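Here is a short note for a colleague opening this structure for the first time. Please keep the viewer at hand while reading.

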Amino acid sequence: MTEQTPPLDKYGRSAAGLTYPKHPTWCPGCGNYAIWGAIKAGLAGVNCPKEKIVIVYDVGCSGNMADFNSYYGLHTLHGRALPPAAAIKLANHELKVLVVIGDGGCYGEGGTHFINLMRGNHDITILAHNNHRYSLTTGQMSPTTDKGVKTKSTPEGVIEEPFNPVAIALTNHASMVAREFAGDIPKLAARITEGINHTGFSFIDVLQPCPVFNPNQSYEWYRANMIKLDDERHLAPDKTKAWEYAMRTDKLYIGLFFKEGKPAYHQQVSELKENTLVSRSIANIDISPFLSEFE
Amino acid sequence: MINKNTLNWKVAGFAGEGIMTTGLLMSKTCAKHGWYIFDYTEYPSLIRGGHNTYQVHAGPEPIHAQKWKVDVLVALNKNGLAFHKEELTSESMVIFDQEDDNVDISIYNLAGKNFNVPMVKLAQKVGGSRVMANNVALGASVFFLGLDLSILNQVIAQVFSDKGQEVINLNQKAAQAGYDFVKSNGGQPVVNLTKKPGTNNRLTLTGNEATGLGALAGGLSFYAAYPMTPSSSLLHYLAAKASKAGIVVKHAENENSAVNMAIGASFAGVKAMVGTAGGGFCYMTEGLGFASVAELPLVVFEGMRPGPALGMPTWTAQGDLAFVLSASQDEFPRIVLTPGDAEEAFLLVQKALDLAEKYQLLVIVVSDKYLAESRFTMPKPKTSYSHERMGIDTKPQADESGFYPRYRTDQPVSQRTLPGTANGGYIANSYEHDKYGFATEEGPERAAQMEKRMKKMELATSGMPEQYYEADAQPQVTLLSFGSTKNPIRAARELLHEEGIESAMLNFSWLWPFPKDQVTKVLNSGSKILVVEGNYQGQLARLITQETGIKVSDQLHRYDGRPFFAEDIVSYVKGTMLKKKL
């Protein structure tokens with residue numbers, strides 16, 4: 001593949017020599033452009049051949065990125081990106097697995113997968129594009145929309161209180177928990193590289209502006225309401241302190257909240273100690289050890 | 001004592017008091033006599049209490065199903081007497097414990113003989129616990145059935161081998177006490193079957209165990225499930241064997257996760273399967289379409305039980321047929337297999353794994369509680385299995401666009417690549433896609449991909465074997481069924497034969513694609529046709545009409561959670577179809 005800008009066909013697809021298959025369809029000013037850039041830079045920073053990286057996409061504006069990347073990809077059903085991601089790693093733990101998912105898929109439709117797979121410390125990296133809205137379906141509330149906010153599906157204001165993904169991940173055994181801002185590409189890229197290199201469940205909640213359906217939480221709004229954990233001299237092993245930061249809602253902390261080293265799920269599966277599952281040969285299967293109990 | 005072709009033994013008592021193990025011991029004891037067995041259990045969806053039965057039908061010739069009239073009934077409590085008195089004949093023997101449940105046997109007005117055995121007291125006397133009374137009952141039963149006590153002792157040693165010698169000794173002592181008690185108190189055997197020399201070329205196993213064993217033989221590498229009767233025992237079996245077999249078994253957080261995990265594992269290149277019951281299958285339906293549009297091999301095991309919703313968890317039904325044939329939105333190719341017995345389950349799950357990979361599509365293996373949890377005799381299979389991986393491009397070349405044309409449309413099955421392979425990158429997409437897997441909404445591209453996928457059904461049809469068919473020379477009636485109803489129908493045919501009524505049967509183990517030619521031929525063979533199925537509306541009969549244009553007016557349906565009994569089928573054939581006096 002070459003790096004030159006290719007001519008496009010009538011669908012916006014380049015004809016040959018592509019670095020990416022289709023041009024993004026995001027709105028002007030969408031945080032996805034920045035996150036997309038950070039993903040490419042972040043993955044480039046991982047010392048791993050391109051074909052050994054798999055991106056699992058959920059449904060949403062973020063998931064549409066499946067058509068703009070050139071990695072092996074699985075574009076899943078809505079809310080279901082995490083289970084296949086975990087299984088891809090179990091089937092071939094030599095692969096690096098990144099999940100591109102939104103706040104709706106990760107915290108709403110697929111909330112139980114988020115909660116349960118982090119407990120297993122599956123070695124996958126979750127990049128949750130958190131724009132506090134369902135934007136692909138034109139702006140309804142999401143699990144992270146603040147109470148009282150009026151949206152198309154909540155014309156009198158959201159009644160629920162917002163989901164706190166960082167606090168939940170800290171509470172529920174995730175081994176790496178971070179929050180970053182879409183507008184800081186180098187920082188987010190570095191965090192993605194760190195997440196991929198981390199052995200275990202690494203979770204990055206990305207604060208993503210959606211200028212069309214959530215104009216109030218603009219780039220400027222975020223910049224005025226974020227505090228960098230680095231500035232607080234927060235040290236990642238300090239979970240108690242991390243919690244305090246996560247529980248604060250008038251300001252949003254960004255950076256690495258928590259990180260610990262512990263065995264990943266696949267490292268605790270006895271069948272995977274020696275080899276990957278995909279390398280298991282089925283050319284000669286002997287079932288004789290399994291017959292005696294039925295004789 | 002009478003000479004019989006088979007023996008039929010039943011134990012009844014409270015759930016949670018070891019009845020399942022007691023029944024297993026009896027099944028294995030009969031099998032070790034060189035006989036065929038069929039066992040069938042009924043139990044409630046709770047852990048303690050409720051009524052639990054287990055029956056073992058055995059004999060020197062193949063046994064196909066459970067039987068209504070019992071030779072020996074072990075009643076571990078009063079309900080065991082009250083609920084099953086209709087199943088006794090003048091030659092039956094009832095074993096009960098007068099002292100333990102304060103039984104007045106006279107009030108039951110039982111047919112046949114009965115024998116008071118102080119089962120609990122005898123168990124305690126040899127140093128055992130209350131639950132050991134079941135072994136006393138087994139010892140007594142072995143005597144009445146004319147079985148060999150030493151074979152029961154061998155089976156006890158085998159089944160309890162992981163519990164230590166002390167437990168084995170105690171169980172054997174209790175069995176001996178039961179045997180000695182009835183022998184020394186004037187008991188006489190009620191059945192005398194011809195023994196056959198012990199045979200080592202058969203297995204005794206449940207439908208789910210056969211499915212699990214078949215999956216291992218078929219090269220399964222990844223199994224994900226969420227527990228739900230009657231599929232849980234398949235999860236338990238595979239989880240127990242995972243380490244030795246080198247496969248990964250994942251108890252997922254729910255069925256949605258399980259099916260999507262299997263899709264992920266399949267994408268990464270391993271043979272993947274999920275298992276669930278009808279209710280869990282509802283959750284999983286979302287994944288069926290995903291696997292199909294992404295053309296990833298997927299095998300789904302679906303165990304039917306009565307519904308709707310939670311229905312009756314531990315009972316049997318065949319009511320999911322229409323649902324399974326069309327579950328998940330829009331149209332896509334699928335193969336639906338409906339094994340009828342343990343041997344078919346063993347073979348068809350291998351076939352399912354093979355076909356899923358060969359055609360890159362969804363294969364659903366449909367079972368039910370009756371098949372899943374009943375124990376069968378099946379021929380010992382060969383031990384070595386060889387599988388070639390199919391449809392995987394290990395040296396992919398990107399085309400002029402720089403991407404790999406994973407979904408090229410020049411043939412129904414296009415080569416796929418596995419992550420980790422250089423130059424093979426593509427998107428396995430839940431959206432409609434172009435040949436690279438990138439999402440598309442263009443009409444011609446959509447139509448081409450749709451046609452590519454649907455053409456797999458022609459391949460599947462061409463590779464379909466004949467359905468199970470057996471017939472007398474001049475059948476007056478032909479019985480059509482699918483899945484596990486095969487068993488009572490085979491038993492019914494034997495009963496019809498004894499009464500001089502010639503019959504035939506066709507049992508579907510491949511329901512989709514539909515074996516139209518064979519079925520049309522049978523329907524036009526001139527004999528009367530009866531469709532027997534475990535649902536209310538006659539879903540199989542409707543399918544037959546839909547696919548052949550032929551209506552079948554005689555239909556026998558059952559939807560009370562119980563399997564068909566051969567006796568019921570015979571009485572319908574004789575009374576309703578042939579207008580004979582019953």
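This is a predicted model: local features need pLDDT of at least 70, side-chain atom pairs count only at pLDDT 80 or more; totals for chains, interfaces and linings use all residues.

The points below go from domains and contacts to the core and the sheets.

1. Chain B is assigned four domains: domain 1 (2–200), domain 2 (204–379), domain 3 (391–463) and domain 4 (468–577).

2. **Domain 2 against domain 3.** The C-alpha centres of domain 2 and domain 3 of chain B are 25 Å apart. Domain 2 of chain B puts 19 residues into the contact, and domain 3 of chain B puts in 16 residues. On the domain 2 side, α9 (255–268), α10 (278–293) and α12 (342–359) of chain B each give two or more residues. The most come from α12(B), with 4 residues. By class, this side of domain 2 of chain B holds 12 nonpolar, 3 polar and 4 charged residues.

3. **Chain B against chain A.** Here 61 residues of chain B are in contact with 53 residues of chain A. On the chain B side, at least two residues each come from β9 (202–206), α7 (207–217), α8 (232–245), α9, α10, β17 (384–385) and β18 (427–429). Which element gives the most to this side? That is α9(B), with 10 residues. The side of chain B that touches chain A is made of 30 nonpolar, 24 polar and 7 charged residues.

4. Strand β11 (residues 285–286) of chain A and β17(B) run antiparallel, joined by 2 bridges. Look for A:Asp286, whose bridge partner in β17(B) is B:Ser384.

5. **B:Gly219.** Find this glycine in the loop between α7 and β10 (222–225) of chain B. Is B:Gly219 buried or exposed? It counts as buried, because 23 C-beta neighbours lie inside 10 Å; the cut-off for buried is 20 or more. Leaving out residues up to four places away in sequence, B:Gly219 touches residues of chain A, A:Ile282 and A:Ile285, along with B:Lys271, B:Leu353 and B:His387. B:Leu288 is 69 residues from B:Gly219 along the chain, and their C-alpha atoms are 21 Å apart.

6. **Nonpolar cores.** The largest nonpolar core has 254 residues. Those touching the most other members are A:Val99, A:Phe257, B:Ile95, B:Val136, B:Phe222, B:Ala262 and B:Val363. α12(B) gives the most to this core, with 10 residues. Take A:Phe257 as an example. Beyond four places in sequence, its contacts include A:Val166, A:Leu170, A:Val177, A:Leu229 and A:Tyr245. There is also a second, separate core of 5 residues, among them A:Trp26, A:Cys61, A:Cys210 and A:Phe213. As background, nonpolar side chains in soluble globular proteins tend to be buried together.

7. **The eight-stranded sheet.** In chain B, 8 strands make an open sheet, ordered β7-β6-β5-β2-β4-β3-β16-β9, with mixed pairing. From one strand to the next, the twist averages 20°. Strand β3 (residues 36–42) and strand β16 (residues 375–379) of chain B are antiparallel, with 2 bridges. There, B:Asp39 has B:Arg375 in β16(B) as its bridge partner. Helix α1 (residues 19–32) of chain B packs on the sheet and touches β2 (7–14), β3, β4 (51–59), β9 and β16 of chain B. The direction of α1 makes about 0° with that of β4(B).

8. **The five-stranded sheet.** Another open sheet in chain B has 5 strands in the order β19-β21-β20-β23-β24, and its pairing is mixed. β19 (468–471) and β24 of chain B are at the edges with a single partner strand each, so one side of each has no neighbour in the sheet. Neighbouring strands are turned by 15° against each other on average, direction ignored. Helix α19 (residues 566–577) of chain B packs on this sheet, touching β20, β23 and β24 of chain B. The direction of α19 makes about 145° with that of β23(B).

9. **Strand β23(B).** Why is strand β23 (residues 528–533) of chain B called largely enclosed by the rest of the structure? Because 5 of its 6 residues are buried. Strand β20 (residues 477–482) of chain B pairs with β23(B) in the parallel sense over 4 bridges. In that pairing, B:Thr478 is the bridge partner of B:Ile529, and B:Leu480 is that of B:Val531. Strand β24 (residues 555–557) of chain B also pairs with β23(B) in the parallel sense, over 3 bridges. There B:Val531 has B:Gln555 as its bridge partner.

Notes
Residues are numbered from 1 along each chain as its sequence is written. Chains are lettered from A and ligands numbered from 1 in the order in which they are written. Domain bounds come from an automatic or database domain assignment. Two residues are in contact if their C-beta atoms, placed from the backbone, lie within 7 Å. Ala, Val, Leu, Ile, Met, Phe, Trp, Tyr, Cys and Pro count as nonpolar, Asp, Glu, Lys and Arg as charged, and the others, Gly among them, as polar. Two strands pair if DSSP finds at least two bridges between them. A nonpolar core is a set of buried Ala, Val, Leu, Ile, Met, Phe, Trp, Tyr and Cys residues joined through C-beta atoms within 7 Å. A residue is buried if 20 or more other C-beta atoms lie within 10 Å of its own, exposed if 12 or fewer, and partly exposed in between; C-beta atoms are placed from the backbone. Axes are lines fitted to C-alpha atoms, for helices over the stretch in contact, and angles run from 0 to 180 degrees between N-to-C directions.
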